[in-house]
Amino acid sequence: MSSSSSNPKVAKTNIPALNSIPFSMSEYKKGMTEEQMKLLELECDTMGKSWLKVLKDEIKKPYFLDLKRFLYAKGVKGPDSIPKPEIYPAPNNIYTWSNLTPLGRVKVVIIGQDPYHNPGQAHGLCFSVPSGVTKLPPSLLNIYKEIKAEYPAFEPPKHGNLTAWAENGVLLLNSVLTVEKNQAGSHQKRGWEKFTAQVIDVVDRYGGANLGKSGGFSAGRGRGIVFLAWGSWAAQCVAKLDKKKHLILTSAHPSPLSAHRGFIGNGHFKKANDWLEEKYGPDGCVDWTKL
């Protein structure tokens, strides 16, 4: 992670305010090669603009272009492309997280690993499945169980769509953003992990920038958020973050294989809200029970 993000004195002078960063899509495209225009069509068309303006240089790096060449060869091209073999989520949903949760409004980050690899489940938000999926993933059922334990009035819904959380500032981010049908981990070590590490670095700098009253950093710079890292993989993703700036909560993964070794009973949802309310006031909390 950037060393400047852990040093407020450096951050004040070296990190521009989020709302002061200019971005023009037409100007951005003028600086592209013909191949970059082809490979980055999906990002330009579907990535949330609050994210694209701070990741625009990242997606032009050789490793990311290599990732896009790999995906392009499999049919992941523009938003309406149909990949063969089947790749999840659909191309127009790969960056759902960036559209539902603008960068400056991020309150909480929940980190997953791979998208669901069964048909009809992945839609660009970790742990979430679209409405209409009747058999909910076991990990999500354990998440609902923990919320019920912390908020007894919560009635777990019959669906698994977590869009309401995303719209309320919860960034539901997988560290790998695509997967092939029925092949868990099939797109690991292709470059997504490096890209999403940069996403987390950006959140480190700007998460919470537009929450509550400005203070600490000047308006438009992040003052800290909550990271929920369940499982060893997620814990590695947040290991270098500044624990004085952020609330970083780790536990076992909610999978049935590990949930009873520390996820159930971790109290993370209430702990997150207690911290957010103290920092940003009541409006900074997440209504975990509203789905």
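The model is predicted, so local features need pLDDT of at least 70 and side-chain atom pairs pLDDT 80 or more, while totals for chains, interfaces and linings use all residues. Residues are numbered from 1 along each chain as its sequence is written, and side-chain values use heavy atoms, with hydrogens and water left out. Helices (H or I, at least four residues) and strands (E, at least two) are DSSP runs, numbered from the N terminus.

- Strand 5 (residues 226-230) is largely enclosed by the rest of the structure, because 5 of its 5 residues are buried (under 20% relative accessible area, 1.4 Å probe, protein chains only).
- Val226, Leu228 and Trp230 point one way from strand 5, with Phe227 and Ala229 going the other way.
- Strand 2 (residues 108-112) also has 5 of 5 residues buried, so the rest of the structure largely encloses it.
- From strand 2, Val108, Ile110 and Gly112 point one way and Val109 and Ile111 the other.
- In general, side chains in a regular strand alternate between the two faces of the sheet.

**How the strands pair**

- Strands 2 and 5 run parallel, joined by 3 bridges (two strands pair if DSSP finds at least two bridges between them).
- On the other pairing of strand 5, 5 bridges tie it to strand 6 (residues 247-251), again parallel.
- Val226 is the bridge partner of Val108, and Val226 also stands opposite Leu247 in strand 6.
- Strand 2 has 5 bridges to strand 3, and these two run parallel as well.
- Val109 stands opposite Leu171 in strand 3 and opposite Phe227 in strand 5.

**Helix 6**

- Helix 6 (residues 62-73) has 12 residues and should span 16 Å at 1.5 Å a residue (1.5 Å times one less than the number of residues); its end C-alpha atoms are 16 Å apart, which agrees.
- Its buried residues are Tyr63, Phe64, Leu65, Leu67, Lys68, Phe70 and Leu71.
- Those residues pack against helix 3 (34-39), helix 4 (41-46) and helix 10 (192-206), where contact means heavy atoms within 4.5 Å.
- Just after helix 6, Gly75 has a positive phi of about 100°.

**Cavities**

- There are 2 cavities of 30 Å³ or more (sets of points on a 1 Å grid over the protein atoms alone where a 1.4 Å probe fits but cannot get out; lining residues have an atom within 4 Å of a point).
- The largest cavity holds about 50 Å³, a volume being the space filled by probe spheres set on the points, which are joined across faces, edges and corners.
- Its lining includes Trp97, Cys126 and Asn174, and strand 3 (residues 170-174) gives the largest share, 3 residues.

Conventions:
Buried < 20%, exposed > 50% of the residue type's maximum accessible area, 1.4 Å probe, protein only. 1 Å grid on protein atoms, 1.4 Å probe; cavity = no way out; pocket = protein on both sides within 12 Å on 5 of 7 lines; lining within 4 Å.
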